[in-house]
Structures are given as C-alpha cells and as structure tokens.
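I opened my notebook to record what I looked up in this structure, one topic at a time.

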Amino acid sequence: MSIGFRRPLEAVDLAGLVAAFPPPPEYFESAWLDTPETIERKQLSRLKDHLLAAERVPFFRRRWKEAGFDARALCSLEELRHVPAYTVDDIRRSIEASPPWGDYQGVVPEDARREPMRIYMSGGTTGTARPIFFTQWDREVGAILMARGLYMLGIRPGDVVINAWAYSTHNAAHMYDEALYRWLNCVVLTTSTGNVTSSERQLELAMQYGAKSILTTGDYIMHLADVARKLGHDPKKDFSFRALPSLFRSEEIESTFGAEALGFYGNHEVQKIAVECPARKGLHIFEDAFIVQIVDPETGAELPEGEFGAICVTELYKSGGPQIRYNVLDLSRLLPRERCACGSWLRRLEPFSGRGDNMVKLRGVNIWPEAVGEVALAVPGAGTDWFVKAVRENNRDELIVYVVSERDRSAFVAIAAAIEKALKEKFGVRIRAEVVAPGALDAWTGFNQAAKLRRFLDERN
Ligand SMILES: [Zn+2]
C-alpha cells in the first residue's frame with residue numbers, strides 16, 4: 001500500500017550519506033587528511049552537479065542568465081568566479097518580490113510529501129525574517145558537519161552536554177542539538193538561554209550531571225563564571241567541563257575554566273563551515289561541503305590570494321535552499337593551501353579579530369572595530385592605542401577610528417589621511433580617521449582602570 005508520502009527516516013540513503021560526508025571519528029581518518037588533488041577533484045565534481053540542481057531555482061536561473069553564466073559550461077574551480085555573488089539584500093528583495101518564501105528556495109512546503117523538511121529563519125530583528133528550508137538530507141549533512149566540529153573541540157560520545165543556544169525559530173540550537181544527538185551520541189540538556197533556564201540553574205545542572213560542555217556564546221560562558229563565583233563555586237575546580245567552544249574570548253575561557261576552547265565558523269544558511277584545530281593556525285574549512293572565496297565586499301569580485309575581504313560561500317550539499325556564491329559580508333583572509341601541523345591540507349580561514357557583539361554594518365558591509373584597529377595600527381606613524389566609535393550623521397552610519405601617535409602634531413593630518421586610505425583599500429567603504437596624542441584615549445579605553453581595554457563605543461542611538 002502506498003501511503004502517498006515519504007517519512008524522514010526513509011528520505012535519506014544512510015550509506016550514501018556517510019560515504020559522501022563522513023561523520024566523526026571516521027572523518028578525521030579520511031577526508032580530513034585528503035591530498036590537495038583529492039580535495040579539489042571532489043569539489044569540482046560536486047560543484048558541477050550542484051550548479052545543475054541550483055539552476056532549477058528561479059533566483060539563480062534569473063541571475064545567472066543576466067550575467068551570461070552557463071552552469072553546463074563550467075569545467076574548473078577557477079570558473080566559479082564567473083557566477084554572480086549575492087548578499088542578504090538580494091535575498092530580501094527576492095522575498096519582497098515573491099512573498100512569503102522568496103524565489104531562492106529549492107523546495108516549497110507542498111514538497112514535504114517527498115522531501116520532509118524544516119524551516120528556520122534569520123534576520124527577524126532587522127526587518128523581514130529570511131526563511132530557509134532544509135530537507136532531511138540538508139539536516140543530516142549539516143548535523144555531520146557540526147558533529148565534526150564538536151568532536152574536534154573535544155566533545156565525545158557519552159558526554160552530557162548543555163545546549164544553551166536559544167531554541168527558537170533560528171537554526172543554531174537545533175543544529176547543535178541534531179549533531180549531538182544524531183551523530184555524536186551525547187546526552188543533551190536542552191536548557192536554551194538564560195531567559196528559559198536561569199544561569200544559576202544551568203550551573204546547578206552542569207554540576208549535578210557532570211556536564212562536559214556548555215554550548216553558547218563566549219560572553220555567556222564568561223557570565224556563567226561570574227555567577228558561579230557569586231554562588232561560591234570555583235569555575236576551575238567545581239565543574240567537569242572538558243571543551244567550551246567559542247569564537248571569541250578563548251584564552252579567557254580556558255584560563256577561567258581550565259577547559260579547551262577552540263573556534264568555530266558558520267552561519268544560519270549553510271551551517272558549520274570551519275573549525276579550529278589544536279595547532280591554532282586558522283580554521284580548517286570542511287572542503288568536501290564548501291568552497292570559500294574572499295571577495296570585494298561591495299562587488300563580490302574574487303580578491304587575489306591572501307587578501308583581506310568578505311567571505312563568499314558556496315556550499316556543495318544543500319537541496320532545500322542552495323547557496324552559490326553567497327557573500328556573507330563577514331571579513332577574513334584565506335591562508336595558502338599547505339599542510340598543517342595536524343596533518344590536514346584543508347584550507348584555513350584566518351581567526352577572526354572580531355565579530356558579533358561589536359559588529360557594525362556600514363553601508364551593507366559588516367565591520368569589526370578590531371579589524372579597523374589592526375589596519376590603522378599598521379600605518380607608519382600610528383602608535384599602539386586606538387578606539388572606534390560608531391555615530392549617526394546626516395542619516396548615515398559612520399565609523400571613526402581614533403589612533404594615537406607619538407609623532408609631532410604637525411604630522412597628524414598626513415597620518416590620518418594614510419590611515420583612511422588603508423581602511424578604504426581594506427574594507428571598500430570610507431572610515432574616518434583622527435590622530436591624537438598619547439593618553440588622549442585613556443578615558444575611553446579605561447586604561448589603568450579596567451581589566452580589559454574598551455575599544456568600541458556605539459553612539460548611534
Ligand atoms: Zn590543523
């Protein structure tokens with residue numbers, strides 16, 4: 001008897017899945033150690049198939065036709081640069097023109113009879129939410145990618161793990177949950193954020209059940225350390241944490257809790273892209289599932305090897321909502337392909353100097369004050385102290401970087417001009433620079449007062 005639909009457990013060929021995208025621990029004995037030739041051969045063959053599938057999506061068909069790109073003609077990875085890149089603004093326009101899902105989806109809800117699917121949303125705080133469909137296949141591959149990352153970070157089968165990401169319409173908590181449960185055999189405590197389960201209760205559960213990890217932001221982990229001390233606990237001795245993954249504040253987390261804290265990179269639309277290895281020389285990209293390019297933030301054009309720019313992602317596995325040259329507008333640099341101390345040839349993204357809390361969106365480009373500071377200090381004449389302010393002027397967001405110089409005041413204007421030029425070259429947008437005398441920034445940075453210097457102030461509201 002035909003029931004007329006396909007259940008999730010029947011929708012994925014398990015053997016084919018693990019052969020194409022090995023889960024941990026097998027992954028670290030196989031694809032993690034692929035030679036450059038194998039990595040790129042796999043990428044090219046997957047890319048060709050994926051482009052043909054993505055061409056059936058109206059969003060891509062339309063844009064590729066306009067750009068004169070023929071998916072059937074692609075015969076090298078280099079030619080991927082001819083595919084037009086897009087940003088979140090193009091996605092927003094697609095939703096406005098074809099509500100409610102946009103025309104960038106690979107499936108629609110009626111397809112769930114054949115392709116069981118889930119939907120997650122992002123961007124609800126800054127306008128229309130952006131829905132993304134994930135088929136059962138997409139969920140499984142995404143969970144494997146995440147499981148690889150969590151395994152690299154030290155999480156093991158049988159561990160009790162607290163998932164303190166928000167269980168909401170957003171993908172994050174679910175992505176972690178599925179990886180932990182379906183591919184790592186961890187026992188998940190679904191606490192969600194501090195609003196759902198208080199910080200005191202999260203810590204109590206961590207102690208009672210010997211949790212090996214809490215998955216959340218670096219800032220919340222550090223907040224938990226404060227709460228633990230207030231409750232009379234020693235963060236280092238009274239817990240059983242082994243791994244506390246975090247994009248930021250790794251050193252602080254490690255010294256506070258005595259647990260390893262390696263970095264991760266990914267996003268809502270394509271899920272986990274890269275993970276840091278113990279060599280700590282950048283984040284290895286899961287190249288059997290992704291091709292990452294660094295592009296000009298505004299034009300999407302690929303930048304020369306080693307340059308700093310926006311991360312442009314092409315994933316090679318999704319059927320629910322393909323992402324081909326998605327300019328994420330996160331800034332980083334790709335390191336040259338070479339063998340890492342961990343044995344992997346997988347390309348690495350430079351660790352971020354900043355992201356998240358401090359990120360400022362300047363004319364569509366995501367910019368981190370830390371990255372601005374780094375570029376400014378490399379200019380001759382700049383000292384070692386800096387501070388960034390975001391302000392609202394003439395109905396536009398503006399960034400101003402203040403840089404200290406030891407040189408004579410008569411040189412300040414020229415140094416500021418050189419800094420502005422360097423910033424424009426790096427980020428593609430204008431950022432104002434002002435040069436000041438040593439000591440002038442102390443009140444802002446909290447020099448001699450705060451344990452950690454403040455580098456950024458948002459004065460836009
Ligand atoms: Zn490595």
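The entries below go from the domains to single residues and then to a sheet.

**Before starting.** I noted that this is a predicted model, in which local features need pLDDT of at least 70 and side-chain atom pairs count only at pLDDT 80 or more, while totals for chains, interfaces and linings use all residues. I also noted that residues are numbered from 1 along each chain as its sequence is written.

**Domains.** I looked up the domain assignment of the protein chain, whose bounds come from an automatic or database assignment, and found domain 1 (12-139 + 265-349), domain 2 (154-261) and domain 3 (356-458). I then looked up the centres of domain 2 and domain 3, taken over C-alpha atoms, and they are 34 Å apart.

**Cis peptide bonds.** I looked at the bond joining P24 and P25, which is cis with an omega of about 0°, and I located P25 in the loop between α1 (14-20) and α2 (36-54). Helices here are DSSP runs of H or I with at least four residues, strands are runs of E with at least two, and both are numbered from the N terminus. I found another cis peptide bond between P99 and P100, with omega at about -5°, and P100 belongs to the loop between α4 (88-97) and β1 (117-122).

**Positive phi.** I noted L329, a residue other than glycine with a positive phi near 70°, and placed it in strand β11 (residues 326-333). Is L329 buried or exposed? A residue is buried if 20 or more other C-beta atoms lie within 10 Å of its own, exposed if 12 or fewer, and partly exposed in between, with C-beta atoms placed from the backbone. L329 counts as buried because it has 21 C-beta neighbours inside 10 Å. I also noted N395, again not a glycine, with a positive phi near 65°, and found it in the loop between β15 (386-393) and β16 (396-404). N395 is exposed, because 5 other C-beta atoms lie within 10 Å.

**The sheet with β11.** I followed β11 into an open sheet of three strands, ordered β9-β10-β11 with antiparallel pairing, where two strands pair if DSSP finds at least two bridges between them. Its edge strands are β9 (290-295) and β11, each of which pairs on one side only. Neighbouring strands of this sheet are turned by 35° against each other on average, direction ignored, the axes being lines fitted to C-alpha atoms, with angles that run from 0 to 180 degrees between N-to-C directions.
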